[in-house]
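Let's take a friendly walk through the core and the pockets of this protein. Have a look at the model first, and then we can go through it together.

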Amino acid sequence: VFPRDFDGDTLKEDLIQLSRQDFGRIEDVNGLKEVFVKREIQKMVGQATKAFQIILVSPATNAISERSFSKLKLLKNHLRSTCGDLRLSHLMVCSIHKDITMQIPLALLANQFVADVENRISVFGRF
């Protein structure tokens, strides 16, 4: 993950040394931290400690996929009975990638919408 931050051989030795330790019963991350501090283990296994710190601050989920499902839920609730799956999928993509969608000129979209059906020109005109 961070090749310049770790020495592979030292990290391997640290992990082997940790596997030989008897930590007793540890309930959570705070318990593990207390054991490390009391026994000064972080000084003995610096590479492993650094790896644990990186693992503990890494996000557990992917925010983009979470945002996608959240947007889909909002769209489905709003459009549940009024559109098909293909349209819903397209609207979801537009909603998720709003920064790109907002760069499309509205006049271009409106003229394309009007041009799709002959009757729309008489109702909406040109933009």
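A pocket here is an open set of points on a 1 Å grid over the protein atoms alone, where a 1.4 Å probe fits and protein lies on both sides within 12 Å along at least five of seven lines; lining residues have an atom within 4 Å of a point. This is a predicted model, where local features need pLDDT of at least 70 and side-chain atom pairs count only at pLDDT 80 or more, while totals for chains, interfaces and linings use all residues. Residues are numbered from 1 along each chain as its sequence is written, and side-chain values use heavy atoms, with hydrogens and water left out.

| Pocket | Volume | Lining by type |
|---|---|---|
| Largest | about 260 Å³ | six nonpolar, four polar, one charged |

The largest pocket is lined by Val29, Asn30, Leu32, Lys33, Phe36, Val37, Gln42, Thr49, Phe52, Gln53 and Leu56. H2 gives the largest share of this lining, six residues, and H2 and H4 each supply at least two. Around the second largest pocket sit Leu109, Gln112, Phe113 and Asp116.

Now to the core. Leu11, Leu18, Val35, Phe36, Ile41, Val45, Ala48 and Ala51 form the largest nonpolar core, a set of buried residues (under 20% relative accessible area, 1.4 Å probe, protein chains only) joined through side-chain atoms within 4.5 Å. At least two of its residues come from each of helix H1 (8–19), helix H2 (29–38) and helix H4 (46–57), helices being DSSP runs (H or I) of at least four residues, numbered from the N terminus.

Methods
Buried < 20%, exposed > 50% of the residue type's maximum accessible area, 1.4 Å probe, protein only. Points joined across faces, edges and corners; volume = space filled by probe spheres on them. Nonpolar A, V, L, I, M, F, W, Y, C, P; charged D, E, K, R; others polar.
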